[in-house]
Amino acid sequence: MEIKTYRFPPHGDDRGQLVALEALEDIPFEIKRVYYIYDTLPDVVRGKHAHRCLEQILICVHGSCKVALEDGQTRQEICLDDPTLGLYISNDTWREMYDFSEGAVLLVLASEHYDEADYIREYTKFLEMVQGKREERHL
Ligand code: TYD
């Protein structure tokens, strides 16, 4: 599995920095939802799910956190520690977010509205689903 990241150009000047993100320009999908995770307690692991259809971009706009991604065969970890760094997460990808620094704010841009039916929250079900799709592709 390849981790896909984006580098967003900051519009810096002598006042500071600003990053602007436009749907279908900087972000590869139409943004239908934005949420952010903050005040995360030490040793917390968030996420632990995959989505059937949803695509997301994660940006740690303050502080840092780690994200592990799994496609059912490999697991990769990335540290988000820069507000110009975006992590793309496709559908059918198991994600876990952890090691949040104190005060970290994780911004998430999502391609769809919130839909609990789109979640796969059981790891064994996730593995069955991606394995099933892999077998279908090889038929
Ligand atoms: P949860 O899915 O547990 O967050 P994470 O997977 O990132 O650890 O979401 C926490 C709560 O927030 C849960 O009650 C569902 C709710 N929620 C919404 O209402 N809308 C949303 O867009 C999201 C992401 C969560």
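Begin by selecting Asp43, which is exposed, with a relative accessible area of 80%. The model is a predicted one. Asp43 belongs to the loop between E2 and E3, and its phi is positive, at about 65 degrees, although the residue is not a glycine. Most residues other than glycine have a negative phi.

Asp99 counts as partly exposed, because its relative accessible area of 46% falls between the limits of 20% and 50%.

**The largest pocket**

Next, display the largest pocket, whose volume is about 210 Å³. Which residues of its lining are the closest to its centre? They are Tyr35, Ile37, Arg46, His49 and Tyr119, out of 14 lining residues. Colour the lining by type, and it divides into seven nonpolar, three polar and four charged residues. Strand E2 (33-37), E3, E4 and strand E8 (94-98) each contribute at least two residues to this lining.

**His49**

His49 sits in strand E3, which spans residues 46-51. Is this residue buried or exposed? His49 is buried, since its relative accessible area is 8% and the cut-off for burial is under 20%. A polar atom of the His49 side chain lies 3.1 Å from the backbone oxygen of Gly47. Now show the contacts of His49 beyond four places in sequence: these are Thr93, Trp94, Arg95, Tyr119, Ile120 and Arg121.

In soluble globular proteins, nonpolar side chains tend to be buried together. To see this model's largest nonpolar core, which has 16 residues, select Leu58, Val67, Leu80, Leu87 and Leu106, the members that touch the most others. Strand E4 (56-62), strand E5 (65-70), strand E6 (75-80), strand E7 (85-89) and strand E9 (105-110) each supply at least two residues of this core.

Neighbours within four places in sequence aside, Val67 meets Leu58, Gln76, Glu77, Ile78, Leu80, Leu87, Glu96, Met97 and Tyr98. Another core, of nine residues, lies apart from the largest one; its members include Phe8, Ile27, Ile57 and Tyr88.

Move to Asp13, in the loop between strand E1 (4-7) and E2. Asp13 is partly exposed, at 36% relative accessibility. Its side chain makes a polar contact of 2.6 Å with the side chain of Arg15. Draw a line from the C-alpha of Asp13 to that of His49: the two are 36 residues apart in sequence and 40 Å apart in space.

For the last stop, select Lys133 in helix H1, residues 123-137. Lys133 is partly exposed, with a relative accessible area of 31%. How far is its C-alpha atom from that of Asp92? The separation is 9.8 Å, for residues 41 positions apart along the chain.

Key:
Residues are numbered from 1 along each chain as its sequence is written. This is a predicted model: local features need pLDDT of at least 70, side-chain atom pairs count only at pLDDT 80 or more; totals for chains, interfaces and linings use all residues. Side-chain values use heavy atoms; hydrogens and water are left out. Helices (H or I, at least four residues) and strands (E, at least two) are DSSP runs, numbered from the N terminus. Buried means under 20% relative accessible area, exposed over 50%, partly exposed in between (1.4 Å probe, protein chains only). A polar contact is a pair of N or O atoms within 3.5 Å; within protein, one must be able to donate a hydrogen and the other to accept it, and residues adjacent in sequence count only if both atoms are side-chain atoms. Contact means heavy atoms within 4.5 Å. A nonpolar core is a set of buried Ala, Val, Leu, Ile, Met, Phe, Trp, Tyr and Cys residues joined through side-chain atoms within 4.5 Å. On a 1 Å grid over the protein atoms alone, a cavity is a set of points where a 1.4 Å probe fits but cannot get out, and a pocket is an open set with protein on both sides within 12 Å along at least five of seven lines; lining residues have an atom within 4 Å of a point. Grid points are joined across faces, edges and corners, and a volume is the space filled by probe spheres set on the points. Ala, Val, Leu, Ile, Met, Phe, Trp, Tyr, Cys and Pro count as nonpolar, Asp, Glu, Lys and Arg as charged, and the others, Gly among them, as polar.
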